[in-house]
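Please read them with the model open.

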Amino acid sequence: MSFFKHTLYSIVLILGSICITPANSSPIVIKFSHVVTPDTPKGKGAEYFKKLVEERTKGNVKVQIYPNSQLYKDKEELEALQLGAVEMLAPSLSKFSPMGFTAFELFDLPYLFSNYNDLHKVTNGKIGQQLLTSLSTKGIKGLGYWDNGFKVMSANKPLVALKDFRGKKMRIQSSRILDAQMRTLGVSPQVMAFSEVYQGLQTGVVDGTEQTPSQIYTQKFFEVQKFITLTNHGYLGYAVVVNKKFWDGLTPQIRSVLEAAMKESTDYVNKIAEQDNQESLAKIKASGRTQLLALTPENQSSLKAALTSIYPEQEKRIGKDVLDAVRKELATN
Ligand code: LMR
């Protein structure tokens with residue numbers, strides 16, 4: 001090889017390694033902790049991201065996934081992220097409000113979004129971006145929104161008319177909106193970590209819960225719940241977040257590989273989530289263990305009236321300016 005060619009070859013090799021190899025050349029490890037099973041939209045998204053990142057960095061960035069609350073339960077995982085014990089999470093949007101990010105509660109408002117399209121107007125819009133940016137005050141960098149889906153109600157007794165809810169104990173995520181939503185139905189809301197819900201339902205510590213079909217199927221809640229009411233009254237989805245210090249410490253080249261992989265993983269999750277939920281519902285139905293109940297138009301409208309009665313009080317918590325901006329986004333085509 002001529003001197004010129006050799007030099008050129010060396011430069012190419014050096015540039016290539018700068019692009020994807022960390023300074024000390026041991027792989028960068030991203031520990032990605034989550035609380036659901038690998039065969040959910042979030043679980044599949046994490047696997048997809050891992051595959052893209054490891055392929056594109058030729059293994060110089062490793063993504064280690066810890067599903068099913070293996071490492072941390074939902075509250076602990078956010079603390080672990082801030083401490084740098086894990087690098088990446090995708091907590092449900094409800095889980096940011098106990099940390100002081102009250103505006104995230106808008107996603108918990110019952111009947112605010114009629115479908116995924118509505119939801120994406122907000123998550124892909126200005127408010128969605130502002131919420132992700134706000135996380136930086138607590139050392140968290142928000143990378144994107146991953147869908148799960150619309151929640152249904154389950155219990156061992158049919159929940160159809162408003163009176164059926166009264167006196168029930170129902171598991172909720174730690175959210176003031178979800179708390180208010182249950183109280184207005186005469187339900188006693190019980191905050192419980194996701195990993196404890198199956199046992200809570202099985203032993204009767206709680207009578208029921210609200211959840212997406214995907215979770216009810218993959219966590220086997222349907223084995224311990226006789227009825228599911230197809231209320232679709234509220235949304236459950238995620239923000240993918242990283243430890244900001246870790247993120248800022250990466251080279252621009254690595255960050256751009258990760259950003260592109262995250263964008264593609266987000267598109268992937270948000271494409272499969274709706275179908276995943278529909279298939280889960282079909283599998284629950286086929287199991288014959290749980291009866292699926294549809295609401296009559298009358299029951300549907302009385303449930304909606306009851307749940308949306310919490311708006312005036314809750315708007316004050318979330319912020320009228322935030323909700324006005326959301327309503328504007330929802331009104332666009
Ligand atoms: C829940 O606690 O119900 C959900 O946030 C779990 C999850 O991550 O989907």
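1. Phe 32 stands opposite Met 88 in S3. The two strands involved, S1 (residues 28–33) and S3 (residues 88–89), pair in the parallel sense over 2 bridges. Pairing here requires at least two DSSP bridges between the strands. Helices (H or I, at least four residues) and strands (E, at least two) are DSSP runs, numbered from the N terminus.

2. This is a predicted model: local features need pLDDT of at least 70, side-chain atom pairs count only at pLDDT 80 or more, and totals for chains, interfaces and linings use all residues. Residues are numbered from 1 along each chain as its sequence is written, and side-chain values use heavy atoms, with hydrogens and water left out.

3. S1 and S3 belong to an open sheet of 5 strands, ordered S2-S1-S3-S10-S4, with mixed pairing. Its edge strands are S2 (61–66) and S4 (140–150), each pairing on one side only.

4. Helix H3 lies across S1, S3, S4 and S10, at about 25 degrees to S10. Helix H4 (residues 116–123) also packs on this sheet and touches S4 and S10. The direction of H4 makes about 170 degrees with that of S4. Contact means heavy atoms within 4.5 Å. Axes are lines fitted to C-alpha atoms, for helices over the stretch in contact, and angles run from 0 to 180 degrees between N-to-C directions.

5. Another open sheet has 6 strands in the order S7-S6-S8-S5-S9-S11, again with mixed pairing. S7 (188–191) and S11 (291–293) each have a single partner strand, so one side of each lacks a neighbour in the sheet. Neighbouring strands are turned by 25 degrees against each other on average, direction ignored.

6. S6 (residues 169–172) and S7 pair in the parallel sense over 4 bridges. Lys 169 has Ser 188 in S7 as its bridge partner. Helix H7 (residues 176–183) packs on the sheet, touching S5 (152–155), S6, S7 and S8 (208–211). The direction of H7 makes about 160 degrees with that of S6.

7. How many cavities of 30 Å³ or more are there? The count is 2. A cavity is a set of points on a 1 Å grid over the protein atoms alone where a 1.4 Å probe fits but cannot get out; lining residues have an atom within 4 Å of a point. H3 (74–83) and S10 (235–243) each supply at least two residues of its lining.

Technical notes: On a 1 Å grid over the protein atoms alone, a cavity is a set of points where a 1.4 Å probe fits but cannot get out, and a pocket is an open set with protein on both sides within 12 Å along at least five of seven lines; lining residues have an atom within 4 Å of a point. Grid points are joined across faces, edges and corners, and a volume is the space filled by probe spheres set on the points.
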